[in-house]
Amino acid sequence: MTSPIEDLHTVRDYLRYASSQFAAAPVFFGHGTDNVWDEAVQLVMRSLHLPLENNTLFLDARLTRDERKLVLERIRRRIDERIPLAYLLGEAWFMGMPFHVDERVLVPRSPIGELIENGFQPWLGDKPVERILDLCTGSGCIGIGAATVFEEAAVDLSDISPDALAVAESNIELHELQGRVRTVQSDVFANISGQYDIIVSNPPYVDAEDMGDMPDEFHHEPVLGLAAGNDGLDIAHRIIAEAADYLTPGGLLIVEVGNSWVALDEAYPELPFTWLEFSNGGDGVFAITEQDLRQWQSKS
């Protein structure tokens with residue numbers, strides 16, 4: 001890419017230019033946006049620390065030379081290196097909230113955010129919520145999102161990766177939740193103690209075939225957060241086997257397994273998974289109660 005730094009001057013210029021460049025390039029949109037325009041808006045506006053909405057006031061504002069260099073460099077890297085935009089910005093949005101992200105964690109994109117915003121209803125019912133566990137937390141976005149909805153609950157963010165937990169801790173501080181949210185290093189339930197009213201998890205669930213077929217953008221994400229064996233269910237099997245022991249009576253388990261949901265459903269014909277539907281898109285997320293898990297365990 002040759003630099004058009006002397007030809008482009010306004011925010012509007014750079015939005016148009018980024019859109020054109022992305023449309024002509026083999027980039028993949030799957031880390032928070034799904035089209036050229038939204039990707040351009042995210043890149044230009046957030047590189048300039050401008051709002052994503054109600055921003056028409058700024059469209060004809062002229063950029064400084066340093067700002068132009070920064071935006072053009074990020075457009076170039078997005079195309080040439082296929083780096084997910086969130087890593088270039090150091091920021092991703094989940095449930096309308098910003099989160100620090102880098103290549104130590106996956107880019108937040110789970111449909112579970114919609115479920116959290118709805119208070120896990122109707123599956124939670126009238127059960128009071130005092131403790132929540134976000135298992136395989138990564139950036140911490142799911143657990144932190146839950147903490148903002150359940151304002152009296154204590155939330156544990158658990159992950160096997162110390163690097164991921166460092167990012168999660170930065171997000172606890174970002175949202176000023178140090179009093180209620182903490183991190184726990186654990187390989188699934190190995191270092192978890194006590195019981196929780198809700199266990200929610202977006203664990204690694206990409207099977208071997210999909211790992212080989214993923215667009216280049218996904219190869220910037222940590223393999224530890226994606227790969228889960230031949231069928232994509234290595235971690236899901238462990239969660240299902242042990243979760244009942246860490247749930248309070250009437251507790252709820254929510255797990256995302258993405259495209260591996262068919263294999264999971266076939267592996268547990270006696271488990272009454274509820275496969276959730278989302279208004280904003282996404283699938284492969286199940287809910288199951290503590291009672292159903294215990295009943296299944298007693299028969300196994």
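Colleague: What makes E176 exposed or buried?

Modeller: This is a predicted model, where local features need pLDDT of at least 70, side-chain atom pairs count only at pLDDT 80 or more, and totals for chains, interfaces and linings use all residues. Numbering starts from 1 along each chain as its sequence is written, and side-chain values use heavy atoms, leaving out hydrogens and water. Now E176: its relative accessible area is 67%. Buried means under 20%, exposed over 50%, partly exposed in between (1.4 Å probe, protein chains only). So E176 is exposed.

Colleague: Where does E176 lie?

Modeller: In the loop between α7 (162-174) and β5 (181-185). Helices (H or I, at least four residues) and strands (E, at least two) are DSSP runs, numbered from the N terminus. Phi of E176 is near 55 degrees, a positive value in a residue other than glycine. Most residues other than glycine have a negative phi.

Colleague: Why is R82 called buried?

Modeller: R82 has 14% relative accessibility, under the 20% limit, so R82 counts as buried. R82 sits in the loop between α3 and α4 (85-89). Its phi is near 60 degrees, also positive.

Colleague: What makes α1 roughly parallel to α3?

Modeller: Helix α1 (residues 11-24) and helix α3 (residues 65-80) pack at about 15 degrees, with axes 10 Å apart. Axes are lines fitted to C-alpha atoms, for helices over the stretch in contact, and angles run from 0 to 180 degrees between N-to-C directions. Angles under 35 degrees count as roughly parallel, over 145 as roughly antiparallel, 65 to 115 as roughly perpendicular and the rest as oblique. Therefore α1 is roughly parallel to α3.
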